[in-house]
Each structure stands twice: as C-alpha cells, then as structure tokens.
Amino acid sequence: MANVTLRNVRKTYTGGFEAIKGVNVDVADGQFCVLVGPSGCGKSTLLRMVAGLETVTGGEIDIGGRVVNQIEPADRDIAMVFQNYALYPHMSVYNNMAYGLRNRGMAETEVKSRVEEAARVLELTSMLERKPRQLSGGQRQRVAMGRAIVRQPKVFLFDEPLSNLDAKLRIAMRVEIRKLQRRLNTTSIYVTHDQLEAMTLADVLVVMNGGQVEQVGNPLAIYEKPATTFVASFIGAPPMNLMSTRADEIKSQLNGAATEAGILGIRPEDFVITDQTPAGGVALPLTVEAIERVGAETFIYGSREQEEQRVAATPGELPPGEVIVRIPGTEAPAIGARIRVAAIRPK
Ligand code: ATP
C-alpha cells in the first residue's frame, strides 16, 4: 500500500514566514491527487516536503504507513518529475533513464530491461541514443517521466511538469500522463496552478490558498458545490459569477430564499438568454459590453444595473457589475444590446 497522509502539516521558513498552515490531506493507494492554487499558495512547498526536499516544521507526513519526516529523500520510495525536466545534457536518453538505477547498484541486465520497458511505454525506443538537445520539449518531458517510471516508486510527485510546453502539447501530455498513471496505478501527487489541468487529471483535487486547504474532493463535486467563494472563483474558466443576494431583484427572484448576507454563485453556462424566469431561478437584465466567439461557444460579457453591482470581495472575482454568460454556438446579441438572462440552475 502506498497511501500518502498529511497530518496537520506546517512549514515555517527560516525568517519566520509561515508558508503552510496546518494541512490535512489523505491520498489513497493508486489515486491521482492534484494540488492546485494561485502562485505563492504553498503547493510546491507542500510537494517538496513530501519529497523530503524541505524540512517539515510541524505535523506528520506518512507514506505507505511510515512517517517519513526524518527520512532522506532517496529512502522515501518516491520519484519526482520537475518542470525543467532536470535531464543530464551530456548523457543519452538511455543513460539519463539508467543513471539513477546504476547509482543504486542495480544489475545492468535489470537496468536494461526497465529502461527498455519505460521507453516502449513512452514511445522513446527510437530515441534512446539521442542527447536531450536533440529532442523536442514534449520528448524531453517524456524522458523525465521515464526516469521516474524506471525507479518503480511507491509514489510519483509532479511539480508543474507541463508548464514549459506549448498549449497543444500540454493537452496531449496531460492525456498521456493520465493514461500512464491509470496503467501503472501508482499513487501520484501533482502540482499545478492551471485549474483545467487540475480538473482533468485529479481523482482528488486539493484547492489551496494562502498556505491552507480551501477544499478537498472529487473535481466535479468541487465544481458543482464550491465550499468557499475563493474556490468558486478559482475553479472554472471563465469564473463563476458571484453576486450578493442583497441585490433586490435577485432576492425577489429567489422568493426570499436567500439570506441577507448570502452570496449567489452562477456558472456562465447556467445562464440562458430568455424573457422567462424559471421557477426558483434568477433573472438579470444586462447590457452587452463585449462578445467573445471561440467556435463552439460564445462568451457574453454584460454589465448589470447600478443597484445590482454589489459583488462579493474575493480574489479572482469578477469586476463589479460584470456578468459572464456562456452560450453554445456563435449566435450572439449585438454590443450595447439590452438582454435578459436567467439561470436555470442557481447554486
Ligand atoms: P508557484 O505556483 O508560484 O510556484 P506555490 O504555490 O508553489 O507558487 P511556494 O513556492 O510553495 O508557492 O511558496 C509558498 C510561499 O512560501 C510563497 O509566499 C513563497 O514566497 C514562500 N517561500 C518559498 N520558498 C521560501 C524560502 N526558501 N524562504 C522563505 N519563503 C519561501
């Protein structure tokens, strides 16, 4: 078993800055856990603590039933894939993958069999004699993954491994990583600031902010029921529309169901353009300010009436008064048009 458990984990850096403020996370054996959050929220710090590259100043990290706080990185049975790949430039692909195994004194026949198997899985067989500079970014990334795979660790740790790739390759590699992890069934912890990458990769999503966990759970469950306004505005692009329910029209549409201080969150795709108000739903008059057509869907950026411009103050929030509506297709109202939108599924 290689479950990873973080119990009240804390990190105070020399100088007194508290980067991690008591984090509890449980990753079951074989699960893919993604740590996501804005820059500086502490996700790399947390991952580096699991790897043993940072000391733990409070709490416990448990890998496979063993507290590893005092255990050297090399003895934790983990393998880490870095953003910059960290390949040896003067070594061939084969030797890059073999290096760590030879260092551990593994017999050359076993080294060969593991490297060849990893190369086969990663489609690198024809490139084993090349040097890293003779590879594309995506191929280098696969070599870095190969180096982790040959170790056959209990846990893979990924630190933003796709952030140096262009958009198209990122998506392709994201799918590859997920397929590979399903096949190998190795417990994985993956750090990213990209919420889409997080949503698509995770069995368990951990949303972090300011050194703390805001919410842990299944990605779609978090998308459907964000626990805080931070999570609501961080997960989902474009972000969820957050509105104070004190705005009179919204409140009346909710038939008094909203509390005075409540915040109503509506995803852009939950709006439709209509003059009807669905039962228990919410309707808003908007002036169309901007339109973005991206092919299969169109985003309408509308402004609300003056009296409805009270919006919750959270990071990543919509500018006051702005509502984003996502509609399928390319048909859209004209800029400056006054439209009425209704949410069919208010949350
Ligand atoms: P990013 O996505 O930008 O890499 P992150 O969420 O991974 O961000 P961390 O690198 O974990 O964030 O950093 C968390 C906080 O700890 C930041 O405020 C950072 O400035 C601080 N920090 C990181 N390393 C140190 C250090 N060695 N000494 C002091 N503070 C540090």
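The points below are grouped by topic.

This is a predicted model: local features need pLDDT of at least 70, side-chain atom pairs count only at pLDDT 80 or more, and totals for chains, interfaces and linings use all residues. Residues are numbered from 1 along each chain as its sequence is written. Helices (H or I, at least four residues) and strands (E, at least two) are DSSP runs, numbered from the N terminus.

**Ligand shell**

- The ligand is surrounded by 13 residues. The closest are Tyr13, Ala19, Ser39, Ser44 and Thr45.
- A residue is near a molecule or strand if its C-beta atom, placed from the backbone, lies within 6 Å of it.
- Helix H1 (residues 43–51) gives the most to this shell, with 3 residues.
- By class, the shell holds 4 nonpolar, 8 polar and 1 charged residue. Ala, Val, Leu, Ile, Met, Phe, Trp, Tyr, Cys and Pro count as nonpolar, Asp, Glu, Lys and Arg as charged, and the others, Gly among them, as polar.

**Mixed sheet**

- An open sheet of 6 strands runs in the order S6-S7-S8-S3-S9-S10, with mixed pairing. Two strands pair if DSSP finds at least two bridges between them.
- Strand S6 (78–81) and strand S10 (212–217) are the edges, and each pairs on one side only.
- From one strand to the next, the twist averages 15 degrees. Axes are lines fitted to C-alpha atoms, for helices over the stretch in contact, and angles run from 0 to 180 degrees between N-to-C directions.
- Strand S3 (residues 32–36) pairs with strand S9 (residues 204–209) in the parallel sense over 4 bridges. Val34 has Leu205 in S9 as its bridge partner.
- Helix H4 (residues 137–149) packs on the sheet and touches S6 and strand S7 (155–159). The direction of H4 makes about 175 degrees with that of S6. Contact means C-beta atoms, placed from the backbone, within 7 Å.

**Antiparallel sheet**

- A second open sheet has 5 strands in the order S13-S17-S14-S15-S16, with antiparallel pairing.
- Its edge strands are S13 (271–273) and S16 (322–328), each pairing on one side only.
- The twist here averages 45 degrees from one strand to the next.
- S13 and strand S17 (residues 338–343) pair over 3 bridges in the antiparallel sense. Val272 stands opposite Ala342 in S17.

**Arg130**

- Arg130 sits in the loop between helix H3 (108–121) and H4.
- Arg130 counts as partly exposed because it has 15 C-beta neighbours inside 10 Å. The cut-offs are 20 or more other C-beta atoms within 10 Å for buried, 12 or fewer for exposed, and partly exposed in between, with C-beta atoms placed from the backbone.
- Arg130 touches Ser92, Val93 and Leu135, not counting residues up to four places away in sequence.

Key: Two residues are in contact if their C-beta atoms, placed from the backbone, lie within 7 Å.
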